[in-house]
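Subject: Structure for you to look at

Hello,

Here is the structure I promised to pass on. Please open it first, then read my notes below.

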Amino acid sequence: MSPAAPYLLLAAGALWVASAAGAFVYGRTVGQDACEAAKAREERVAQVARDAAIDAAAKAISNITVQHTTVHQKLEHEVRTKTVYRDCRSGPDAVRLFNSTLPGAEPAQPAGSGQLPAANPAH
């Protein structure tokens with residue numbers, strides 16, 4: 001073996017390490033670029049979706065029509081013999097009268113009897 005052979009092997013090894021390090025740095029840079037491109041693409045998709053949602057909501061809101069209906073002297077008098085304030089409800093005639101002002105509403109029934117469930121005993 002010649003006296004320059006170990007130096008040639010050492011130089012080849014150093015060259016190989018340098019090329020591996022360069023490939024690593026290059027790959028990492030390419031990976032970062034790909035991540036940044038994916039992030040930019042996702043942000044653009046989110047922006048397009050947001051704009052579409054805002055447009056759809058604006059169109060839906062613009063199609064809402066407000067109807068003012070005045071109920072005048074149709075419900076003459078309703079007598080309550082037993083006033084129960086915990087129920088917070090109107091009588092059946094008032095419920096039907098209010099619901100008749102809604103377009104396409106089905107006839108509603110008055111609320112239940114207002115009975116509360118039994119209390120659980122303390123353990």
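A search of the whole structure finds 1 salt bridge, taken as a side-chain nitrogen of Lys or Arg within 4 Å of a carboxyl oxygen of Asp or Glu. D51 forms this bridge with R50. Their closest N and O atoms are 3.7 Å apart. D51 counts as partly exposed, because its relative accessibility is 32%. R50 counts as partly exposed too, at 48%. The cut-offs are these: buried is under 20% relative accessible area, exposed is over 50%, and partly exposed is in between (1.4 Å probe, protein chains only).

A word on the source. This is a predicted model, in which local features need pLDDT of at least 70, side-chain atom pairs count only at pLDDT 80 or more, and totals for chains, interfaces and linings use all residues. Residues are numbered from 1 along each chain as its sequence is written, and side-chain values use heavy atoms, with hydrogens and water left out.

Now the overall picture. The protein has 123 residues, and 6% of them count as buried. Its accessible surface comes to about 11,200 Å², by the Shrake-Rupley method with a 1.4 Å probe; for residues, only the protein chains shown count as cover. Carbon and sulfur atoms hold 61% of that surface. The secondary structure comes to 2 helices and 0 strands. Helices (H or I, at least four residues) and strands (E, at least two) are DSSP runs, numbered from the N terminus.

Next, helix 1, which covers residues 5-62. I61 lies in this helix. I61 is exposed, because its relative accessible area is 58%. I61, I64 and V66 form a nonpolar patch on the surface, with about 340 Å² of accessible area together. Such patches take residues with over 30% relative accessible area and no salt bridge; like charges are joined within 9 Å, and nonpolar side chains (Val, Leu, Ile, Met, Phe, Trp, Tyr) within 5 Å.

Helix 2 covers residues 92-100, and its buried residues are A94, V95 and L97. Seen down the helix axis, they fall within an arc of 165° (from the axis to the C-beta atoms), so they line one face of helix 2.

Last, the loop between helix 1 and helix 2 holds T69. T69 is partly exposed, at 49% relative accessible area. T69 and T101 are 32 residues apart in sequence. In space they are 6.6 Å apart, C-alpha to C-alpha.

Best wishes
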